[in-house]
Amino acid sequence: MAEAEAAERRVLVAVDESEESMHALSWCLKNIVSDKFRDTLLLLYVKPPRAMSTALDGTAYLFSSEVMLAIERYGNEVADCVMQKAKKLCSELADVKVETRMENGDARDVICQMADKLGADLLVMGSHGYGLIKRTFLGSVSNHCAQNAKCPVMIVKKPKSTSNSQ
């Protein structure tokens, strides 16, 4: 009997500049990616929506075009840096096909939309571990995705350090 062809899987990993994000990617590479499957790892970075103005003491100030360009340039540099770090981690830990995507918008919505659009079989993301107060004000991206993504969602929590040396 001929051995069955390995199934293809598309694993979407949401990455950002946090340690939790890179921990989730590392965990995924060590525990989910396998030779038994023809896995494609989809790395997704979501840049926050552009800020057109900021409210200081109730008054909105418009940013000049130069400031807006500088903010956008910095955002692109951060995104590029995160993607380079993520791709390097992938090459060090696994032999897997990697595709990258950078999108703009609210991470909660964009991650769910991209999981659907890219045909992800699994969404992997880190948890920032915000407490109740921060989660109330900032919202939990991982919780939103767990409730709204159309594919299974794996939320990887970074273990708390047990020693003071780290």
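1. Among contacts in the chain (heavy atoms within 4.5 Å) between residues at least 6 apart in sequence, 75% join residues at least 24 apart. The model is predicted, with local features needing pLDDT of at least 70 and side-chain atom pairs counting only at pLDDT 80 or more, while totals for chains, interfaces and linings use all residues. Residues are numbered from 1 along each chain as its sequence is written, and side-chain values use heavy atoms, leaving out hydrogens and water.

2. There are 5 helices and 7 strands in the chain, taken as DSSP runs numbered from the N terminus (helices H or I, at least four residues; strands E, at least two), and their order from the N terminus is β-α-β-β-β-α-β-α-β-α-α-β.

3. Of the 166 residues in the chain, 34% are buried, a term that stands for under 20% relative accessible area (1.4 Å probe, protein chains only).

4. Helix α2, residues 65–93, contains 29 residues and reaches 42 Å from its first C-alpha to its last, close to the 42 Å expected at 1.5 Å a residue, where the expected span is 1.5 Å times one less than the number of residues. Its buried residues are M68, V78, A79, V82, M83, A86, L89 and C90, and what covers them includes α1 (19–31), β2 (37–47) and β5 (97–104).

5. V13 lies in strand β1 (residues 7–14) and counts as buried because its relative accessibility is 0%. Leaving aside residues up to four places away in sequence, V13 touches L25, C28, L41, L42, L43, L44 and V124.

Terms used: Buried means under 20% relative accessible area, exposed over 50%, partly exposed in between (1.4 Å probe, protein chains only).
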